[in-house]
Amino acid sequence: MSTLGFVMLCHTALHRAAQVARHWAERDCPVVIHVDRQVKRQRFEAFRKELSDLENVRFSRRVRCEWGTWSLVQASQGAAEQLLAEFPGVRHVYLASGSCLPLRPVDELRAYLAARPMTDFIESVTIRDVDWTMGGLNDERFNLRFPFSWKRHRFLFDRYVELQRKVGFKRKLPEGVVPHLGSQWWCLTRQTLTAILQDPRRRELERFFSLVWIPDESYYQTLVRNYSRSIESRSLTLSKFDFQGKPHVFYDDHLHLLRRSDCFVARKIWPKANRLYSTFLTDDATVSRMAEPAPGKIDRVFSRALERRTRGRPGLYMHSRYPNPDWENGKTAAPYSVFQGFNDLFEDFETWLARRLGTVVHGNIFDPARARFAGDAPIYAGCLSAHAALRDYNPEGFLTNLIWNTRGERQVFMFGPRDNQRPGAFMAADANAQISVITGAWAVRLYQSNRNFSDIRQDAARMQRHEVDFVNTLRHVRSRADIRIWTLADFIEEPMEHLQGILDAMEGANAMRLTEAPRMADLSGFAGFLQSLKNQGMNPMTVGDFPMEGPVHRPPADRNRPYLVT
């Protein structure tokens, strides 16, 4: 006479459910199966015929089931009542799904329960202690009414919840009911399950729970507290859920992970996991270990998987995170440096910096005409095109790909108010970015241009507006980049010291003192140019307090080296 019986709720992959049901039934465990009424009759009859040779397998009255509704509780109630009525020797009833798979021999589970004859295994925690519910609705799942299907009538579901909140509607809990929540997969004693199913107030309780949100996670979990002598608030079924509340699916490559858990049953198993089904649906004595189920053994693996799924690798975007702003694990994959105004103030600054750092230095990669890769290359790492239209379709993605494709080699490039300004906010919020700005340096290139002064004045006004916006973005409280900002007037007072500070931050302990300076543009007459802009009604305020007259000094070192204007 068997002391353990199974209730199975099935709706798909019926051939796998048949294998599992046969495994249990052939080992003297009666099984009552509920098949969702939505399953076509032809498939249902084939399923029933496949198990017709087993005398201890029954099929309960079919109910049309839908996730989150009372129908799932109805299905389990009917099957459990049939199991208890037709198999009086059953002392523990184990609720499973058609996607469950036994991980250990049935005799081990039977012995484990026999050693705990009055213990109910069901996760049952108060709503205040639950941290895994999704979409809110902890207290509200009991206080409000949920007559509409969340899946089929989502609009009506949401609007009705909003209406109840607005009018302050609140349901009264039945007397003696303290709401609890937990996994729907339980193993209950005959005594406790019978007490729940034969409760004199069953109709009243059913009316209440039929309008609770996801009642299969609260009906048994709440009522078991009124009848059980001994509760272990855990499920004997291994089931893992992701951060969105969706169940993890186990595949063939999870075989060793499932064995390590020491759990008796696992769900959800992929229907095509042939290796799992062929491995566990046996009576191999070598897998017997009589160990305590310990799903926590594999929690570390799932935690790493969760972090990889939600955070991913730094600077690498994937489908689970890309649509959600600020879900990225670092905007880019590695540190990079951005210089604004330096190639305006210094002649051939990119070449000098590349020689000094011993690395590749790009020009203005967001230049309106094209991306100015080092060496003026049309294609760069990872087949990044210098074509402006391709780059500007998603300039933040362009920069992210550039850093990812060249990780291990620090990328250095120029930026300025003439460039596409859209990536400015992205760089300011990137902890990998080192941004050095000389404000007002754009005026040097305008000063050297041979153009009509009215055109120069218009360009000066436009570039200053862009620069002011960029600087304000850099100074925003949410900026995370390593930022250095000087006005042109401040920078040229001590250019060597400022350059050395930037290089020290880039190279760290390996930084060496500067022995060579880049050649600064000739600023003779520049003060007069700035005054002319002011006279024309355009105040170049970002240049700073530039002196009206400034002598040109040569450093006392080798006179063949480039000179600095200070």
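**Figure 1. The whole chain and its surface.** The protein chain has an accessible surface of about 27,600 Å², and carbon and sulfur atoms account for 50% of that. (Accessible areas come from the Shrake-Rupley method with a 1.4 Å probe, and for residues only the protein chains shown count as cover.) What you're looking at is a predicted model, where local features need pLDDT of at least 70, side-chain atom pairs count only at pLDDT 80 or more, and totals for chains, interfaces and linings use all residues. Residue numbers start from 1 along each chain as its sequence is written, and side-chain values use heavy atoms, with hydrogens and water left out.

The chain holds 22 helices and 21 strands. (Both are DSSP runs numbered from the N terminus: H or I over at least four residues for helices, E over at least two for strands.) The radius of gyration is 36 Å, well over the 24 Å that the globule rule gives for 566 residues, so the chain is more spread out than a compact globule. (That radius is taken over C-alpha atoms, and the rule is 2.2 Å times the number of residues to the power 0.38.) Along its principal axes, the C-alpha trace spans about 105 × 60 × 45 Å.

Even so, buried residues make up 50% of the 566. (Buried means under 20% relative accessible area, exposed over 50%, and partly exposed in between, with a 1.4 Å probe and protein chains only.) Take the contacts with a separation of 6 or more: 74% of them are between residues 24 or more positions apart. (Contact means heavy atoms within 4.5 Å.) As for charge, the mean positions of the 79 positive and 65 negative charges are 7 Å apart. (Lys and Arg count as positive, Asp and Glu as negative, with His and the chain ends not counted; each charge is placed at NZ of Lys, CZ of Arg, CG of Asp or CD of Glu.)

**Figure 2. Helix α14 and its buried side.** Helix α14 covers residues 349-357, and its buried residues are Phe349, Trp352, Leu353 and Leu357. They sit on the same side of α14 because they cover an arc of only 120° around the axis. (The arc is that of the directions from the helix axis to the C-beta atoms.) What do these buried residues of α14 pack against? Their partners are the strands β13 (336-340), β14 (346-347), β15 (361-364) and β18 (411-415), plus the helices α13 (342-345) and α21 (495-507).

**Figure 3. Met8 in strand β1.** Met8 belongs to β1, residues 4-10, and is buried at 0% relative accessible area. Beyond its neighbours within four places in sequence, Met8 is in contact with a set of residues including Ala17, Trp24, Val31, Ile33, His34 and Gly98. Leu257 lies 249 residues from Met8 in sequence and 24 Å away in space, C-alpha to C-alpha.

**Figure 4. Arg62 in its loop.** Look for Arg62 in the loop between β3 (57-59) and α3 (71-86). Is this arginine buried or exposed? Arg62 has 15% relative accessibility and counts as buried. Not counting residues up to four places away in sequence, Arg62 touches His34, Val35, Asp36, Arg37, Gln38, Val39, Arg41 and Phe44. Its C-alpha is 9.4 Å from that of Ile33, 29 residues apart along the chain.

Figure 5. Leu211 counts as buried at 16% relative accessibility, and Ile214 does at 7%. Leaving aside neighbours within four places in sequence, Leu211 is in contact with Leu144, Arg145, Phe146, Pro147 and Arg171. Ile214 has a phi near 55°, a positive value in a residue other than glycine.

**Figure 6. Two backbone details in loops.** A cis peptide bond joins Arg267 and Lys268, with omega about -5°. Lys268 is in the loop between β12 (265-266) and α11 (274-280). Asp376 is in the loop between β15 and β16 (379-380). Though not a glycine, Asp376 has a positive phi of about 55°, and at 45% relative accessibility counts as partly exposed.

**Figure 7. Thr542 after α22.** Thr542 lies in the segment after α22 (526-535) and is buried, with a relative accessible area of 11%. Setting aside residues up to four places away in sequence, Thr542 touches Thr439, Gly440, Trp442, Gln464, Glu467, Val468, Thr487 and Leu488.

Note on methods:
The arc is that of the directions from the helix axis to the C-beta atoms.
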